[in-house]
Amino acid sequence: MSSDQQSASASSHPYDALKPDVLLDAVEDEGFPVSGRLFALNSYENRVYQIGLDDAQPVIAKFYRPGRWTEAQIREEHDFTLELEEAGVPVVAPLRLPSGGTLGRGGEFLFAVFPQRGGHAPDTSTPDTLYRLGQWLGQLHNIGASKPFRHRPAMSILPAITDFSRYLTENDWVPKDLRPAWDSLIPDLIDGCARLVEEAGELTSIRLHGDCHAGNILVREDRLLFVDLDDCRSGPAIQDLWLLLNGDDQERSLQFGELLEGYEMFRDFNRRERYLIEPLRCYRQLSHCAWLAQRWDDPAFPRFFPWFAQPRFWSDQILSLREQLAALQGPVLNIPGQY
């Protein structure tokens, strides 16, 4: 890590101003009878807290990272989540505040308050769970396709991969002795992604959850709940499906079939979108690296991700990206049976 990166990690950050009295006062000013009990929950992009209330169940308050989303983009996230909830899709939506909306302000911070919901991540190796998830995602996407986002971003795989890599190299995150390997690998990855994107053909872009992995789904008493639409955006339907697949090719193929069997009870799926799975995996890997680099001035990131600034991490990334290149050059995921 360079001296500039070290000094950035030691500098002040906007979240330094989010003291307990600031966030408790902000929630109380919106009419919630806070008891003073406060518990920080695991969250890196935003700051999320369980806040105790007098004579009522605790609530969850999410304070959005300054500068990441505009107010219009956050309101659009909330509107989409409420739209899903009103249509019967099981999501955890923000509470309406006494002021009438769902977005509050405490000092320089925008925040939302959510009902507390417990549960555990679903077992996505279970066919019945995948079938039910597919059913709900088909319904979620029907709502998502009913109108476009006006303010939230759209996915753009190839330009984004280029931008992520450029950010990492221009800010000296890739160690100098590994730059030749990195610089020769990235163009091959982009070419491999471009070929599969072309194979996918013309795509339909709809409003998506955007980050639909098992960690953003809760199961409680056999009920599924989608949470955290903070990354909702426009894009192809496959983005909300592929993150639920795991294991080897055969296992993922069978899982995909279960998902689609449930999904297509409510919505048709363009099977050519499966050509996007490996480009999306490449996109996600590089976006994660760029995200960590862009957040390094937040003191929480060097503390929780110290390995990111170590040369070993980058040599492992190059190895992983070489494996990803092989996946881009291999056969696309099969859909078993009639799928």
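Guide: The sulfur of C282 lies 4.1 Å from the closest cysteine sulfur, which belongs to C193, and this is too far for a bond, since a disulfide is a pair of cysteine sulfur atoms within 2.5 Å. The model is predicted, so local features need pLDDT of at least 70 and side-chain atom pairs count only at pLDDT 80 or more, while totals for chains, interfaces and linings use all residues. Residues are numbered from 1 along each chain as its sequence is written, and side-chain values use heavy atoms, with hydrogens and water left out.

C282 is also buried, with a relative accessible area of 0%, where buried means under 20% relative accessible area, exposed over 50% and partly exposed in between, using a 1.4 Å probe and protein chains only. C289 is likewise buried, at 1%, and the cysteine sulfur closest to the sulfur of C289 is that of C282, 10 Å away, which is too far for a bond. By the 2.5 Å rule, the count of disulfides comes to zero.

Helix α3, residues 71-86, has 16 residues and reaches 22 Å from its first C-alpha to its last, close to the 22 Å expected at 1.5 Å a residue, a span calculated as 1.5 Å times one less than the number of residues. Among the buried residues of α3 are I74, F80, L82 and L84, and also E76, E77 and H78. The buried residues of α3 pack against β3 (56-63), β5 (109-115), α4 (127-144) and β6 (206-208), with contact meaning heavy atoms within 4.5 Å. Just after α3, G88 takes a positive phi of about 95 degrees.

Turning to the whole, the protein has 10 helices and nine strands. Its radius of gyration is 21 Å, close to the 20 Å that the globule rule gives for 339 residues, so the protein is as compact as a globular protein of that length; the radius is taken over C-alpha atoms, and the rule is 2.2 Å times the number of residues to the power 0.38. Buried residues make up 50% of the 339 residues, and residues 24 or more positions apart account for 72% of the contacts with a separation of 6 or more.

How values were computed:
Helices (H or I, at least four residues) and strands (E, at least two) are DSSP runs, numbered from the N terminus.
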